[in-house]
Amino acid sequence: MSMAALNIFTRPYSPTASSLGPYDFNHHNRFNVGSCKLHSLSPRKSNNAASRLYQIPTHFSKSGSGGCSWMQNNSTCHNTAAGNDCRQGELYSVFPSKPAAVSSVQDLFEFICSGPLIEKMGLTPEKISESIDKWLAYGTQLCRLFQLNELYLTVPQKARFYHYYIPVFLWCEDQISQHRSMFKDGEDIPPLVIGFSAPQGCGKTTLVFALDYLFQVTGRKSATISIDDFYLTAEGQAKMREENPGNALLEFRGNAGSHDLPFSVETLTALDNLTKEGMKMKLPRYDKSAYNGRGDRASPSTWPEIEGPLEAILFEGWMLGFKPLSAEVVKAVDPQLETVNKNLEAYYDAWDKFIKAWIVIKIKDPSCVYQWRLQAEIAMREAGKPGMSDEEVKDFVSRYLPAYKAYLPTLYSEGPSGSNPKHLLVIEIDEGRNPILGN
């Protein structure tokens with residue numbers, strides 16, 4: 001370990017430390033997170049990210065009844081009867097003046113090195129110490145994004161940032177660098193599509209939200225898309241039900257057959273071609289709260305607009321990478337799955353072939369999906385949005401469980417359809433949605 005690296009341990013862990021070097025905050029480029037102002041980390045030319053309003057999605061509830069429990073009990077946000085109230089202004093202006101009990105960079109360094117993903121990603125203590133300024137800066141930005149007090153993070157909050165989100169972000173950065181190195185100077189470089197295959201409710205949307213934000217504040221243009229955004233319209237779903245009478249797995253949205261695949265190809269191809277300044281397009285979005293939680297495609301007037309050149313597309317979904325199996329195997333799981341399995345044959349060309357890097361979030365027991373989904377629906381209802389009742393959630397999740405039982409073992413043993421082991425990161429999580437040491 002170099003002397004320069006060792007010297008990091010002599011300074012306190014402070015969000016305003018001038019020691020952040022090239023990652024010092026550029027006060028000319030601010031990001032608004034709710035009512036809290038943020039700064040860009042990047043010395044690069046600013047882009048349209050400066051105009052984005054980063055609102056924490058409603059299912060990131062800090063209430064005790066559901067949502068992200070790791071965000072609870074932090075003094076930056078003040079829960080009131082009316083909801084969560086984040087004070088106006090720069091977040092570090094509300095930090096306590098007294099030093100934190102555990103606040104040194106060395107403490108944080110040791111905590112980072114204890115993370116379950118470190119060895120899997122090929123990181124060593126020496127490499128971490130050499131890039132500790134980046135870890136500090138990324139941690140600061142995530143605290144601001146989620147409106148948390150940087151000096152008084154709880155252990156679950158520290159683990160979520162330093163054992164999960166930041167290591168995954170660094171992995172994505174490395175994948176983007178490898179992807180871009182394959183092209184010659186002057187060539188149009190398509191964005192790297194990173195696929196996130198993970199069961200419902202396990203936190204993939206929150207992870208993608210955090211990664212997208214870190215890309216923006218470090219000067220990369222990125223876009224986020226979900227397989228949910230490609231669901232059939234309410235009218236299309238009604239037609240699907242009519243064509244599959246008595247099949248509970250195709251009665252509502254979710255399984256293979258409930259997506260508009262030509263629309264998927266059209267959208268992903270357009271994103272892939274967004275390689276130049278001035279090129280713009282709107283990203284489709286799906287409104288899950290429509291029709292009392294049954295859902296419908298949102299009006300195009302509400303779709304967010306993005307501008308090229310994109311460097312990354314974060315594409316997430318519960319069934320990304322699933323491979324069709326033999327009819328005998330799926331019928332043994334659930335006879336109704338046979339039609340779904342046949343539908344799945346068209347999904348590689350519509351989705352998976354666009355994905356060049358994969359993150360698979362692995363769970364031990366698909367039954368946790370019910371509790372996670374229930375938490376998300378409760379958070380939506382508490383936010384004043386219509387959502388499914390507890391019984392409706394149970395019925396809804398039961399329509400996904402056969403697919404989990406059939407396809408997850410192959411996904412975990414062989415990887416997603418068309419994936420390259422060099423561009424695949426498998427992250428096993430526990431019931432609390434935190435990474436653990438896995439196989």
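This passage describes the fold of one protein, from the whole chain down to single residues.

The structure is a predicted model, in which local features need pLDDT of at least 70, side-chain atom pairs count only at pLDDT 80 or more, and totals for chains, interfaces and linings use all residues. Residues are numbered from 1 along each chain as its sequence is written, and side-chain values use heavy atoms, with hydrogens and water left out.

The protein contains 15 helices and 14 strands. Both are DSSP runs, numbered from the N terminus: helices are H or I with at least four residues, and strands are E with at least two. Of the 439 residues, 53% count as buried. Buried means under 20% relative accessible area, exposed means over 50%, and partly exposed lies in between, with a 1.4 Å probe and protein chains only. The accessible surface of the protein is about 19,100 Å². Carbon and sulfur atoms hold 51% of that surface. Areas come from the Shrake-Rupley method with a 1.4 Å probe, and for residues only the protein chains shown count as cover. Contacts were also counted along the sequence. Among contacts between residues at least 6 apart in sequence, 75% join residues at least 24 apart. Contact means heavy atoms within 4.5 Å.

An open sheet is built from 5 strands in the order 7-12-6-13-14, with parallel pairing. Its edges are strand 7 (222-226) and strand 14 (424-428), each of which pairs on one side only. From one strand to the next, the twist averages 15°. Two strands pair if DSSP finds at least two bridges between them. In general, strands of a sheet pair through backbone hydrogen bonds, either parallel or antiparallel. Strand 7 and strand 12 (residues 312-317) run parallel and are joined by 5 bridges.

The largest nonpolar core has 109 residues. Such a core is a set of buried Ala, Val, Leu, Ile, Met, Phe, Trp, Tyr and Cys residues joined through side-chain atoms within 4.5 Å. Val168, Phe315, Trp351 and Ile359 have the most contacts inside the core. Helix 5 gives the most to this core, with 11 residues. Leaving aside neighbours within four places in sequence, Ile359 has contacts that include Val168, Trp171, Ile194, Phe196, Leu425 and Ile427.

Helix 6 (residues 204-217) is mostly covered, with 13 of its 14 residues buried. Its length agrees with expectation, because 14 residues at 1.5 Å a residue should span 20 Å and the end C-alpha atoms are 20 Å apart. The expected span is 1.5 Å times one less than the number of residues. Leu214 sits in helix 6. Its relative accessibility is 0%, so Leu214 counts as buried. Leaving aside neighbours within four places in sequence, Leu214 is in contact with Tyr138, Gln141, Leu142 and Phe169. Leu214 and Phe169 are 45 residues apart in sequence, yet 7.7 Å apart in space, C-alpha to C-alpha. Just after helix 6, Gly219 takes a positive phi of about 95°.

Two residues other than glycine also have a positive phi. Gln147, in the loop between helix 4 (132-145) and helix 5, has phi near 55°. Gln147 counts as buried, because its relative accessibility is 11%. Arg433 lies in the segment after strand 14 and has a phi of about 70°. With a relative accessible area of 10%, Arg433 is buried too.

Pro304 is in the loop between strand 10 (296-297) and strand 11 (305-307). At 32% relative accessibility, Pro304 counts as partly exposed. Pro304 touches Met281, Lys282, Leu283 and Arg285, not counting residues up to four places away in sequence. Pro304 and Pro284 are 20 residues apart in sequence and 7.7 Å apart in space, C-alpha to C-alpha. Pro309 lies in the loop between strand 11 and strand 12. The peptide bond from Gly308 to Pro309 is cis, with omega near 0°.

Conventions: Axes are lines fitted to C-alpha atoms, for helices over the stretch in contact, and angles run from 0 to 180 degrees between N-to-C directions.
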